[in-house]
Amino acid sequence: MTAPTETPAAVSTAAESRRWLERLSGNSAGRDAAVAELHALLLKAARFEIDRRRASLSHLRGGDHEDLAQQSADDALVAVLAKLDQFRGESRFTTWAYKFALLEAAVKVRRRAWQGREVPLEEAAWSTLATATAWTGRGAEDAELFTVLREEIENGLSPRQREVLVAVALNDVPIDVLAERLGSTRGALYKSLHDARRKLRAALRERGFGLELDREEER
Amino acid sequence: MSDQAQKRQAVDALARVLGLEEPELSCEECFTQLDRYVELSLTSDRADREVPGMRAHLDGCPACAEDFRSLRDLVAAEQEGEE
């Protein structure tokens with residue numbers, strides 16, 4: 001029976017998701033066909049992602065893009081089938097499945113784009129920081145803000161926090177590229193970044209700097 | 001580059017260094033909630049209310065923000081095709 005608040009569209013979406021789960025589970029007769037259908041959807045998502053990131057892969061040949069898409073779809077299929085019991089029905093099944101293919105493709109593209117590239121040294125970050133602190137409209141505070149921030153980054157953070165903050169926030173190194181090089185995970189590195197930012201905000205506040213940024217909508 | 005553009009770039013760069021002063025999801029929680037958040041943001045204005053901490057995380061994590069934009073655009077394109 002349907003809850004009174006559910007719309008016909010939501011009911012139809014839930015039924016479609018249930019059908020996917022039934023067809024993909026156990027030994028149902030149509031499982032092979034359902035797996036093939038799911039792989040086709042994941043491949044579509046992987047191609048979509050690789051297409052929109054084509055600019056960062058300009059050094060690859062045409063066939064390499066398709067290889068990356070196929071690998072991404074294959075890896076996403078394994079992940080989706082292993083996690084079927086984690087699908088909670090809070091979105092369409094296809095939306096839930098797509099995110100695995102997009103993630104696989106995005107990580108592969110970022111790693112491929114950074115293959116053979118050195119992660120920039122800490123020194124390269126100071127000019128970014130200088131630019132950042134020179135144009136915030138704080139007048140005479142700006143030069144002091146740069147000095148204090150650099151001091152706090154160099155002395156107030158743990159080596160891992162400094163490494164992650166400098167690479168990701170100042171040198172634009174993708175976090176999963178950095179995670180691969182440091183033998184860590186995206187989640188663990190983001191926690192270091194989060195802790196570093198919190199420390200810096202606290203240190204700036206303690207030293208009398210206001211933290212209100214006139215930030216424009218980016219998303 | 002105009003003064004305005006330089007200022008905007010500077011403010012964004014400083015925001016990347018300092019992050020936001022509000023609770024946010026982890027990368028793992030973000031991935032778990034991403035499909036629901038994307039559908040809510042395409043069909044309602046309740047996404048940020050229903051998934052607290054997501055917006056702050058997307059503002060602070062460039063990789064998760066890219067994943068969000070990709071899934072949103074793919075699902076939106078598919079919905080347009082259904083109409």
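Val168(A) sits in helix H7 of chain A, residues 159-170. Helices here are DSSP runs of H or I with at least four residues, strands are runs of E with at least two, and both are numbered from the N terminus. The model is predicted: local features need pLDDT of at least 70, side-chain atom pairs count only at pLDDT 80 or more, and totals for chains, interfaces and linings use all residues. Residues are numbered from 1 along each chain as its sequence is written, while chains are lettered from A and ligands numbered from 1 in the order in which they are written.

Is Val168(A) buried or exposed? Val168(A) is buried, because 25 other C-beta atoms lie within 10 Å. The cut-offs are 20 or more other C-beta atoms within 10 Å for buried, 12 or fewer for exposed, and partly exposed in between, with C-beta atoms placed from the backbone. Leaving aside residues up to four places away in sequence, Val168(A) touches Val173(A), Ile175(A), Leu178(A) and Leu193(A). Contact means C-beta atoms, placed from the backbone, within 7 Å. Tyr190(A) is 22 residues from Val168(A) along the chain, and their C-alpha atoms are 9.3 Å apart.

## Chain A overall

Chain A has nine helices and zero strands. Its pattern along the sequence is α-α-α-α-α-α-α-α-α. Of its 219 residues, 34% count as buried. Among contacts in chain A with a separation of 6 or more, 68% join residues 24 or more positions apart.

The mean pLDDT of chain A is 86, and 87% of the residues score at least 70. pLDDT is the predictor's confidence in each residue, from 0 to 100.

## H4(A) against H8(A)

Helix H4 (residues 93-114) and helix H8 (residues 175-182) of chain A pack at about 70 degrees, with axes 9 Å apart. Axes are lines fitted to C-alpha atoms, for helices over the stretch in contact, and angles run from 0 to 180 degrees between N-to-C directions. H4(A) and H8(A) are therefore roughly perpendicular. Under 35 degrees counts as roughly parallel, over 145 as roughly antiparallel, 65 to 115 as roughly perpendicular, and the rest as oblique.

The crossing of H4(A) past H8(A) is right-handed. That term applies if the near helix is turned clockwise from the far one by less than a right angle; anticlockwise is left-handed. From H4(A), Val107(A), Arg110(A), Arg111(A) and Trp114(A) meet Asp176(A), Val177(A) and Glu180(A) of H8(A). This contact holds three nonpolar, no polar and four charged residues. Ala, Val, Leu, Ile, Met, Phe, Trp, Tyr, Cys and Pro count as nonpolar, Asp, Glu, Lys and Arg as charged, and the others, Gly among them, as polar.

## The contact with chain B

The contact takes 42 residues from chain A and 33 from chain B. On the chain B side, helices H1 (3-18), H2 (27-43) and H5 (62-82) each give two or more residues. H1(B) gives the most, with 12 residues. The chain B side divides into 18 nonpolar, four polar and 11 charged residues.

H4(A) also packs on H2(B), at about 130 degrees with axes 9 Å apart. The two are therefore oblique, and H4(A) passes H2(B) in a right-handed crossing. Here Thr95(A), Trp96(A) and Lys99(A) meet Phe31(B), Leu34(B), Asp35(B), Val38(B) and Glu39(B).

How values were computed:
Contact = placed C-beta atoms within 7 Å.
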